[in-house]
Amino acid sequence: MAKPLMAKATAVWLVDNTTISFKQIADFVGMHELEIQGIADGDVAAGVKGFDPIANNQLTQDEINTAENNPLHKLKLKFNAAAAGEEKRRGPRYTPLSKRQDRPNSILWLVKFHPELADAQIAKLVGTTKPTIQSIRERTHWNISNMEPIDPVALGLCKQSELDAAVQKAAKKRAAEGGVMSDDERRKLVSTEQSLEMDAEPRIPTAIEGLETFTLGSSDDEDKKEDEIVDADSFFNLPASSDEDEDDDSDDPRY
């Protein structure tokens, strides 16, 4: 059910100027019955000026009289003929002026890390136009050299749940089309909660990239050689001593 404008101020006026029950007022303005009782006790909405729903064309006096006489009657907003048939305006999401300068950076982030997203999805997430997205994709944007990719969620341009929903939708569409995704693309298509729970993939340093087939461990043959007992003389490669050398040493006056 539609709620009145300035609900709390309307509740203050109804408490002060009518004998309608707290339950009826709470149902009409969309508040809890205890909050209405707090307004009557002065604990809630202290200093709030009452908003007259009759003067502002939201209730009629007959509707208030009916509610006062019947505690089970539910108040209804006055029908506004001017609002009949009014449709919600459709268009790009409104972006505050303070955040519009960061919008191209968020588009660059989405294009870089989520290339599977369609231009219409990006336009809906951050409130931009398709020509702007296309210029950033083709790197023909006038300020592309000074732009840096920044997460639109961190900038407050969209919610994490909205981004996850768009990514999941793109995943289903790509799967329906039969497209083959790489491991990196598949990780990008899951939600943030699922991605955080995944184990980190092993990375090979660029300095030894291409040498992943080699191992630092020793082979079986080398292990066998290490297990063999090595003779000390052969290990140090010492020459065998002769009897003549021993005689020469005995004639030496130092011995």
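These are my notebook entries on what I looked up in this predicted model.

**Ground rules**

I worked with a predicted model, in which local features need pLDDT of at least 70 and side-chain atom pairs count only at pLDDT 80 or more, while totals for chains, interfaces and linings use all residues. Residues are numbered from 1 along each chain as its sequence is written, and side-chain values use heavy atoms, with hydrogens and water left out.

**Overall make-up**

I looked up the secondary structure and found 14 helices and 0 strands, where helices (H or I, at least four residues) and strands (E, at least two) are DSSP runs numbered from the N terminus. Buried residues make up 28% of the 255 residues in the protein; buried means under 20% relative accessible area, exposed over 50%, and partly exposed in between, with a 1.4 Å probe and protein chains only. Of the contacts (heavy atoms within 4.5 Å) with a separation of 6 or more, 57% are between residues 24 or more positions apart.

**Nonpolar cores**

I then looked up the nonpolar cores, each a set of buried Ala, Val, Leu, Ile, Met, Phe, Trp, Tyr and Cys residues joined through side-chain atoms within 4.5 Å. The largest has 21 residues, and those with the most contacts inside it are Ile107, Leu110, Leu117, Ile122, Leu125, Val126 and Leu163. The elements that give two or more residues to this core are helices H5 (103–113), H6 (119–126), H7 (130–137) and H9 (160–177), and H5 gives the most, with 5 residues. Apart from this core lies another, of 18 residues, with Leu14, Met31, Ala45 and Ala67 among them.

**Helix H1 and its cover**

In helix H1 (residues 7–17) I found Ala9, Thr10, Ala11, Val12, Trp13, Leu14 and Val15 to be buried. What covers these buried residues includes helix H2 (22–29), helix H3 (33–41) and helix H4 (61–69).

**Helix H2, residue by residue**

I looked at Gln24, which sits in helix H2 and counts as buried at 4% relative accessibility. Its side chain makes a polar contact of 2.9 Å with the side chain of Ser21, a polar contact being a pair of N or O atoms within 3.5 Å; within protein, one must be able to donate a hydrogen and the other to accept it, and residues adjacent in sequence count only if both atoms are side-chain atoms. Not counting residues up to four places away in sequence, Gln24 touches Ala67, Asn70, Pro71, Leu72, His73 and Leu75.

Ala26 also lies in helix H2 and counts as buried at 3% relative accessibility. With residues up to four places away in sequence left out, Ala26 touches Met31, His32, Glu33 and Ile36. The C-alpha atoms of Ala26 and Ala7, 19 residues apart along the chain, are separated by 9.6 Å.

**Charged side chains**

I counted 2 salt bridges, taking a salt bridge as a side-chain nitrogen of Lys or Arg within 4 Å of a carboxyl oxygen of Asp or Glu. One joins Lys23 to Asp27, with the closest N and O atoms 3.6 Å apart; both residues lie in helix H2, 4 residues apart, about one turn of the helix. Lys23 is partly exposed at 46% relative accessibility, and Asp27 is partly exposed at 29%.

In another salt bridge, the side chains of Asp119 and Arg137 meet at 2.9 Å, N to O. This pair links distant parts of the chain, with Asp119 in helix H6 and Arg137 in helix H7, 18 residues apart. Asp119 counts as buried at 19% relative accessibility, whereas Arg137 counts as partly exposed at 29%.

What is the nearest side chain of opposite charge to Glu63? It is Lys76, 6.6 Å away, and Glu63, though buried, has no salt bridge; Lys and Arg count as positive and Asp and Glu as negative, with His and the chain ends not counted. Glu63 lies in helix H4.

**Positive phi**

Most residues other than glycine have a negative phi. I noted Asn57, with phi near 60°, in the loop between H3 and H4, and partly exposed at 41% relative accessibility. I also noted Arg139, with phi near 55°, in the loop between H7 and helix H8 (152–155), and exposed with a relative accessible area of 53%.
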